[in-house]
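Welcome, and take a moment to turn the model around before reading on. The paragraphs below walk through a few of its parts, one at a time.

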Amino acid sequence: MTTPRPDDPAPVTGHPPSLVVTDVNKSYGPASVLRGVSFSLTRGHVHALAGGNGSGKSTLIKVLAGIERADGGVLGRPGRPEAELSGFTPARAWDAGLRFVHQDLGLLPDMTVAENVAFTRGFPRSGGGRIAWRRLHETTADLLGRFEVDVDPGALVRSLRPADRAMVAIARALADDSPDQVLVLDEPTASLPHHEVDILLGGLSRRARQGQTILYVSHRLDEVLSLADSVTVLRDGVVAATRGTRGLEQIHLAELMAGRSLGRLYGDGRRPDPAEARTSPSPPPVLQARGLTAGRISGVDLDVRAGEIVGLAGLLGSGRSTLLRTIFGAVRPTSGTLTLGGEVMTSPSVKAAMRRGVALVPEDRLADALFHETSVAQNMTIATLSRYMRWLRLSRSRERATAAGVIGDLRIKAAGPDQAVIRLSGGNQQKVVVARWLQRAPRVLLLDEPTQGVDVMTRADIYERVRAVAASGTSVIVASSDVEELAHLCDRVVVLRAGRVTAELSREEISVPEIVKYSYADKEAS
Ligand SMILES: Nc1ncnc2c1ncn2[C@@H]1O[C@H](COP(=O)(O)OP(=O)(O)OP(=O)(O)O)[C@@H](O)[C@H]1O
């Protein structure tokens, strides 16, 4: 089989389209975000929407959902009148048969599956007006059966495995059974562990084979290529390519997204510069935890030396973020000790941790890390302000110059250093927060999901910068649900399960299968 190059013409399908979107345009002030975007979907096929950070994917999905008004564009469905996207609303999107499942799934975790379904479908009532619980459970069981989701309608959503939660959200979105619905999935696997992704993708493939039309937005190129029949690539708000996925390789898809040749993804695939070479033989650990117990984590022992990059792996709820937040002083330990730079933290607090040079890039950047009302430059330099002070005054020009450099290095799509950070796309906001701490090289850098939502082209740039701060002596701890990222980046990986350390993998032992294995079982027990 010959491998097609990105510029090969590739007819997508021969089937009649079930949805046609034509010539969508959208600007925010002078910024033109979508320009003449057109694509079509076919019944029974999965069509993916891919593109780098800031390419316009979310904006396009918001336009289709009727949440953002387009400046122009038309949506056509067989047997229905064409709809002008400039006048689209959520109600019109619903009438056009579009059903959305967003990354957060929109489920209420402390309610049952049946209650969650009823929230959008309505609660069935008995003759006296009371909620007919039995009927609700029966109809929910019937719905779940049709979607091959093997969960109890009475189970709390919180108790479900992640893939089942996603399938419940999908079943709920399509529950009204109106003919020829289009399912739009926006990054549904962003926080799913490795093998749960496979379960979800299997479920989606089966739905497609049964005739479901699916539009699938994802940063994960492996998913796009394994699930989708065809893909539209957005680049800077225009369609760079639409083509079938058969024979398409990840690197070619990434090149279509980037609009340039990339060589290989993730650099040369080698983990250069082991920590042993960067540090003197067995220096004392900069950070030491003994029997650390706090919230979800229990009895955790951990040593991290200067210049090391240590990964924290584990399933959702395994305690990765709690461990980072405990080291940062945001969660108080109930027992155990934490030692930083040889000093036992007797009354841990965020202030005390920061004073000893600990920095945290949290998982929820929007809530916990971005200064919404300020510029990209101010968000980047807030941790290093003293560098920009001259005669007790802040040098805005130096601040801007630094930010402009980082914008270029990390390929942040922004109008410039003065742009309000809140106007950046999600992946670009993530880069700003990570860049803030990578400039400062703190003594201990805690990174929680550092590349979530970051496109594959920029990941390698972030990894390079993380390695550079480690090489300068910073101890780095990276919590990530992306096991490939951990395998690629880390000198050592500590695997957590239900708050306990199940394995510690040395550089030689690190591999994706090993990390996955110990996310489910103890190393000693296996
Ligand atoms: N309210 C807004 N005002 C100004 N510009 C905006 C606004 N919302 C989005 N943009 C710009 O539109 C462009 C596209 O953003 P969008 O969020 O659609 O990208 P994306 O492809 O979803 O990116 P990501 O992969 O990072 O989520 C970006 O350059 C962003 O800065």
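In this predicted model, helix H5 passes helix H6 in a right-handed crossing. H5 covers residues 162-173 and H6 covers residues 194-209, and their axes come within 8 Å of each other, crossing at roughly 30 degrees. Angles under 35 degrees count as roughly parallel, and H5 and H6 are therefore roughly parallel to each other. Where do the two helices touch? On the H5 side you will find Pro 162, Ala 163, Ala 166 and Met 167, and these meet Glu 196, Ile 199, Leu 200 and Gly 203 of H6. Sorted by class, this contact holds 6 nonpolar residues, 1 polar residue and 1 charged residue.

Now look at another pair of helices, H3 (residues 113-121) and H4 (residues 133-146), which pack with their axes 9 Å apart at an angle of about 90 degrees. An angle of 65 to 115 degrees counts as roughly perpendicular, and that is why H3 and H4 are described as roughly perpendicular to each other. From H3, the residues Val 113, Ala 114, Val 117 and Ala 118 meet Leu 136, His 137, Thr 140 and Leu 143 from H4. This contact between H3 and H4 is made of 6 nonpolar and 2 polar residues, with no charged ones.

Strands of a sheet pair through backbone hydrogen bonds, in either a parallel or an antiparallel way. Here, 4 strands build an open sheet, and reading across it gives the order S2-S1-S4-S5, with antiparallel pairing. The edges are formed by S2 (31-42) and S5 (83-84), each of which pairs on one side only. Follow S1 (residues 17-28) next: S1 and S2 pair in the antiparallel sense over 8 bridges. Within this part of the sheet, Leu 19 stands opposite Leu 41 in S2.

Is Met 257 buried or exposed? A residue counts as buried if 20 or more other C-beta atoms lie within 10 Å of its own; Met 257 has 26 of them within 10 Å, so Met 257 is buried. Setting aside its neighbours within four places in sequence, Met 257 is in contact with Ala 50, Gly 51, Gly 52, Val 233, Arg 235, Asp 455 and Met 457. Take Gly 51 as one of these partners: Gly 51 and Met 257 are 206 residues apart along the chain, yet their C-alpha atoms are separated by 5.2 Å.

How values were computed:
Residues are numbered from 1 along each chain as its sequence is written. This is a predicted model: local features need pLDDT of at least 70, side-chain atom pairs count only at pLDDT 80 or more; totals for chains, interfaces and linings use all residues. Axes are lines fitted to C-alpha atoms, for helices over the stretch in contact, and angles run from 0 to 180 degrees between N-to-C directions. Angles under 35 degrees count as roughly parallel, over 145 as roughly antiparallel, 65 to 115 as roughly perpendicular and the rest as oblique. A crossing is left-handed if the near helix is turned anticlockwise from the far one by less than a right angle, and right-handed if clockwise. Two residues are in contact if their C-beta atoms, placed from the backbone, lie within 7 Å. Ala, Val, Leu, Ile, Met, Phe, Trp, Tyr, Cys and Pro count as nonpolar, Asp, Glu, Lys and Arg as charged, and the others, Gly among them, as polar. A residue is buried if 20 or more other C-beta atoms lie within 10 Å of its own, exposed if 12 or fewer, and partly exposed in between; C-beta atoms are placed from the backbone. Two strands pair if DSSP finds at least two bridges between them.
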